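Subject: Structure handover and findings

Hello,

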Amino acid sequence: MSLLRKPETQENGRYQHITPENAGWKYVGFEAYDIAEGASVSLAATDQERCLVLLAGKANIQAGDQLLEGVGDRMDVFEDKAPHAVYVPNGVAITITATTALDIAVCEAPGHGNHPVRWIKPEELNQEIRGEGSNTRYIRNILPDTDPSADSLLVVEVKTPSGNWSSYPPHKHDSDNIPSETHLEETYYHRLNPKQGFVFQRVFTDELDLDETVSAGDRSVVMVPRGYHPVGVPHGYESYYLNVMAGPTRKWIFKNHPDHEWIVK
């Protein structure tokens with residue numbers, strides 16, 4: 001099975017639909033929707049906690065008995081703005097009503113009902129710069145492991161300039177070996193500016209029993225069940241990606257590939 005999922009638009013505007021069952025793994029789910037202004041999408045209560053990331057556009061969000069009005073102000077993922085997001089615990093139904101044209105991601109992982117509904121606002125998000133030179137990229141942590149208000153989900157968005165490398169040097173987090181490494185499945189939801197662009201992403205293990213390189217276009221998702229997973233952005237195109245991670249422990253501890261770790265020393 002290919003690790004690349006290209007967008008396929010359904011009747012309700014959903015164009016990405018990844019579940020543990022169709023991905024062949026245990027923890028991470030991911031969906032993305034285009035919702036027309038004035039239209040609504042309802043998500044039934046499940047045993048998964050969810051983080052709704054407003055990629056572009058504005059919405060009113062009903063989560064159980066709580067109504068959050070006027071969520072969102074970024075109109076394009078490549079605007080120089082942090083996103084709005086909404087955390088919803090498992091067991092809570094959701095209705096998303098678009099008040100403008102809306103592009104929204106739904107990130108999912110097992111929940112245990114330990115946390116309330118929460119509107120995560122841009123001013124709350126930690127931002128950082130990683131790497132240097134042609135390895136520079138810009139990070140916005142939406143649900144990092146330092147934020148205790150989720151059971152399983154880790155969510156982060158990354159912007160990488162034209163011609164740069166990201167998730168580099170190659171690193172992995174597929175071994176449940178704390179404190180050296182944690183086991184986390186991961187999805188990469190890719191956007192490109194201009195949108196006809198592409199990135200290259202390689203997913204490979206030490207043994208090379210998994211070694212797949214894909215060309216991911218706008219709105220595609222690359223699944224990372226295990227292994228290292230660097231991303232290269234061609235000249236002339238700016239990259240955005242949204243990462244969702246989850247595993248048996250809600251902690252991001254990674255290991256760089258030993259052949260390439262010298263780059264950060």
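**Ground rules**

This is a predicted model: local features need pLDDT of at least 70, side-chain atom pairs count only at pLDDT 80 or more, and totals for chains, interfaces and linings use all residues. Residues are numbered from 1 along each chain as its sequence is written, and side-chain values use heavy atoms, with hydrogens and water left out.

**Sheets**

Helices (H or I, at least four residues) and strands (E, at least two) are DSSP runs, numbered from the N terminus. Two strands count as paired if DSSP finds at least two bridges between them.

The angles run from 0 to 180 degrees between N-to-C directions, with axes as lines fitted to C-alpha atoms.

Within this sheet, strand E3 (residues 29–35) and strand E10 (residues 102–110) run antiparallel and are joined by seven bridges. Ala32 stands opposite Ala105 in E10.

Another open sheet has four strands, in the order E4-E9-E6-E7, and its pairing is antiparallel too. Strand E4 (40–43) and strand E7 (66–71) each have a single partner strand, so one side of each is left without a neighbour in the sheet. Neighbouring strands of this sheet are turned by 15° on average, again with direction ignored. Five bridges join strand E6 (residues 59–63) to strand E9 (residues 94–98), which run antiparallel. Gln62 has Thr95 in E9 as its bridge partner.

**Cysteines**

How many disulfides does the whole structure hold? The search finds zero. A disulfide here is a pair of cysteine sulfur atoms within 2.5 Å. For Cys51, the nearest cysteine sulfur is that of Cys107, 5.2 Å away. That is too far for a bond.

Buried means under 20% relative accessible area, exposed over 50%, and partly exposed in between (1.4 Å probe, protein chains only). Cys51 is buried, at 0% relative accessibility. Cys107 is buried as well, at 0%.

**Nonpolar cores**

A nonpolar core is a set of buried Ala, Val, Leu, Ile, Met, Phe, Trp, Tyr and Cys residues joined through side-chain atoms within 4.5 Å. The largest one has 33 residues. Phe30, Val53 and Leu242 touch the most other members. Elements that give two or more residues to this core include strand E5 (48–56), strand E13 (137–143) and strand E24 (238–246). The largest share, four residues, comes from E24.

Contact means heavy atoms within 4.5 Å. Leu242 touches, among others, Phe30, Val53, Ala105 and Cys107, not counting residues up to four places away in sequence. Apart from this core lies another, of 21 residues, among them Leu54, Ile61, Ile94 and Val117.

**Salt bridges**

The structure holds 17 salt bridges. The cut-off is a side-chain nitrogen of Lys or Arg within 4 Å of a carboxyl oxygen of Asp or Glu.

Lys172 pairs with Asp174 at 2.8 Å, N to O. Lys172 also pairs with Glu181, at 2.9 Å, N to O. Lys172 is buried, at 8% relative accessible area. Glu181 is buried at 4%, whereas Asp174 is partly exposed at 23%.

Arg191 and Asp218 meet at 3.0 Å, N to O. Arg191 lies in strand E19 (residues 185–193) and Asp218 in the loop between strand E21 (211–217) and E22, so the pair ties together parts that are 27 residues apart in sequence. Arg191 is buried at 12%, and Asp218 is buried at 17%. Both belong to a network of salt bridges that links Asp34, Asp103, Arg191, Asp218 and Arg219.

**A loop residue**

Pro161 sits in the loop between strand E14 (154–160) and strand E15 (165–166). Pro161 is partly exposed, at 26% relative accessible area. Pro161 and Glu238 are 77 residues apart in sequence and 5.0 Å apart in space, C-alpha to C-alpha. Contacts of Pro161 include Thr136, Arg137, Tyr138, Val233 and Tyr237, not counting residues up to four places away in sequence.

Best regards
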